[in-house]
Structure formats: C-alpha cells, structure tokens
Amino acid sequence: MIQPQLNHYNIAPGVVAFSTTRRGGFSVGSYAEFNINGFCGDSQESIVRNRAALCRLLGIADDRLFMPHQVHLTASAAIDDAFLSLTPQQQAEKLDGIDTIMTALCGVCIGVSTADCIPVLLYDSRQSVACAVHAGWRGTARRIAQKAVEDMTALYGSLPQDIRAQIGPGISLESFEVGDEVYQAFADADFDMPAISRREEKWHLDLPLCNRQQLLDAGVQPENVGKMDVCTYQHPDTFFSARRLGIQSGRIFTGIMIK
C-alpha cells in the first residue's frame, strides 16, 4: 500500500509532529509524489488520494485534517468544537487568508503548506495546545512566529516557557538570495541585519534564524526550539522547492496532532 513518507519530530509525548516528503503519494510530474495543497495546480483526484493516504496513516477521518489558505500575512484561526460544527464551505471561508492555525482538540491534525518558506510547529505542554505557522519572508518580516506565541497566550493562556517549537524544512541562508527591497523590509522591521544576512552578489537572508530569534524574543526557551537543518532548495528530490521546481509544483505539509 502506498503511504506518505514523513519526517517526524519528537516535540512532546502524545503529540504527532511531522513534515511530508515528496515520497509516497499519487501525484505526478512536478507534484510527484505527495501533495495535498489544492492551490498550486495539482489534480484534485491526486490530492484526494494523497489526503486519504495521510489520514489512514494518522488514524483520522479526512474531516479532521486542516490546512489554511495562506496569504503571507499574520492572521490566525483556531480549530475548536464550534469550528467543527460548521459546514465544509464555512470552514474553508474561516481558513481563507490564515497563516497560523491552532487547536486544543485531540485527534485533529492541523498544518501549513510550504515549498521554501519556513514551517514552525508549536506545542504548549501545560495547556495541551498545538499550533502550526507558515512563515514566508513576508510573514517573517511581520514577526509571525512571535505573534503566534502571543495568540496562543491570548486564546489559551499559554506561557512561553511551556512552549516547545520545531522549525521545519525551508530555504537556507546560502540559497535564499533576495533583492534590496526584501533586505530593506527586514532592516525597516529592526531585525539584527548583521546576524541574519550576508552580502554576496546579492543579499542572502537566514529565514530559519529569523524565526528562531522571534520565538526567543517571545519567551520560548532556547533549549525548547528545534531546527531541521535541511535546505529545500538544495534537496528538491526530497522536499518541494518552488525556487527550483517553479510555482506549479507540490508543497510540503508540516502538521501536528494531539493524540
């Protein structure tokens, strides 16, 4: 039986946390093999089969797997009992324009979709709250990871010192070449530019480090922040990279589920 090949994270007991790889699915071409993002041009038939395979592996029904329609901003949404009572169309509307998704429900998998952007998973061990963050360069410049911690605190009473974080696969400093306008956006947002950037022919930015620093600034303890040292641009055979494969290609799904 075909099943998705996942990269698992040991974020906390009783929590399943992972990033999908390209292997173990039904998509073809630049979407091969595993993709569940319905906004990047893949066939709906392949997406449905891939979702079913992932849900079988997780032991949940398809209506307990959630991924927002991301727009590179900082809005968040929570999956709770009231959300589950909505129709599928209403749920989709609630998740449109969302880049941070949270839940305290068991048996619900939430996640974000990336292909060079930085996925960040958060788990509050005291309140038993999970969160997934999509941090592209625009969201990172707007400090979305720090805001996600603040949103967990506001909605669930989370304390930063109780939160464990995992930074998933994304583009590295070496591969993330940007124009002056992107560099300036980070400089204008008061980032430590000597720490997060390097000048070659063009500027290079370290998005994983930017997000790690935001988590520390939010009060997450350094020993509780994990990082997957894999560059999507340098490993397009294992992880999707929009810069290498083009926009019309698959996406990584980085998810978290409280058992």
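Which residue forms a salt bridge with Arg 126? The partner of Arg 126 is Asp 162, and the closest N and O atoms of the two lie 2.9 Å apart. This briefing concerns a predicted model, in which local features need pLDDT of at least 70, side-chain atom pairs count only at pLDDT 80 or more, and totals for chains, interfaces and linings use all residues. Residues are numbered from 1 along each chain as its sequence is written, and side-chain values use heavy atoms, with hydrogens and water left out. Helices (H or I, at least four residues) and strands (E, at least two) are DSSP runs, numbered from the N terminus.

**Salt bridges**

- Seven salt bridges are found in a search of the whole structure, a salt bridge being a side-chain nitrogen of Lys or Arg within 4 Å of a carboxyl oxygen of Asp or Glu.
- The bridge between Arg 126 and Asp 162 links distant parts of the chain, 36 residues apart: Arg 126 is in the loop between strand 7 (118-124) and strand 8 (129-135), and Asp 162 is in the loop between helix 5 and strand 9 (163-167).
- Arg 126 is exposed at 61% relative accessibility, whereas Asp 162 is buried, with a relative accessible area of 11%; buried means under 20% relative accessible area, exposed over 50%, and partly exposed in between (1.4 Å probe, protein chains only).
- Arg 51 and Asp 62 meet through their side chains in a salt bridge of 2.8 Å, N to O.
- This pair also links distant parts of the chain, with Arg 51 in helix 1 (residues 44-58) and Asp 62 in the loop between helix 1 and strand 3 (65-66), 11 residues apart.
- Arg 51 is buried, its relative accessible area being 16%, while Asp 62 is partly exposed at 41%.
- Within helix 5, Asp 151 and Lys 147 lie four residues apart, about one turn of the helix, and form a salt bridge whose closest N and O atoms are 3.0 Å apart.
- Asp 151 has a relative accessible area of 15% and is buried; Lys 147, at 27% relative accessibility, counts as partly exposed.

**Packing of helix 5 and helix 8**

- Two packed helices are described by the angle between their axes and the distance between the axes.
- Helix 5 (residues 144-156) packs with helix 8 (residues 207-217) at an angle of about 35°, their axes being 7 Å apart; axes are lines fitted to C-alpha atoms, for helices over the stretch in contact, and angles run from 0 to 180 degrees between N-to-C directions.
- From helix 5, Ile 144, Ala 145, Gln 146 and Val 149 meet Asn 211, Gln 214, Leu 215 and Asp 217 of helix 8, where contact means heavy atoms within 4.5 Å.
- The residues of this contact comprise four nonpolar, three polar and one charged; Ala, Val, Leu, Ile, Met, Phe, Trp, Tyr, Cys and Pro count as nonpolar, Asp, Glu, Lys and Arg as charged, and the others, Gly among them, as polar.

**Aromatic pairs**

- Four aromatic pairs are found in a search of the whole structure; rings of Phe, Tyr and Trp (its six-membered ring) pair if their centres lie within 6.5 Å, and planes under 30 degrees apart count as stacked, over 60 as edge-to-face and the rest as tilted.
- Phe 66 and Phe 83 form an edge-to-face pair, because their ring centres are 5.4 Å apart and their planes stand at 80°.
- Phe 66 is in strand 3 and Phe 83 in helix 2 (residues 81-84), so this pair ties together parts 17 residues apart in sequence.
- Phe 66 is buried at 6% relative accessibility, and Phe 83 is buried with a relative accessible area of 5%.
- The rings of Tyr 183 and Trp 203 are stacked, because their centres are 3.9 Å apart and their planes at 15°.
- Tyr 183 in helix 6 (residues 180-188) and Trp 203 in strand 12 (residues 203-205) are 20 residues apart, so the pair links distant parts of the chain; both residues, Tyr 183 and Trp 203, are buried.

**Two buried residues**

- Asn 211 in helix 8 is buried at 0% relative accessibility.
- Beyond four places away in sequence, Asn 211 touches Ile 118, Val 120, Ala 135, Thr 140, Ala 145 and Ile 167.
- Ser 19 lies in strand 2 (residues 15-20) and is buried at 0% relative accessibility.
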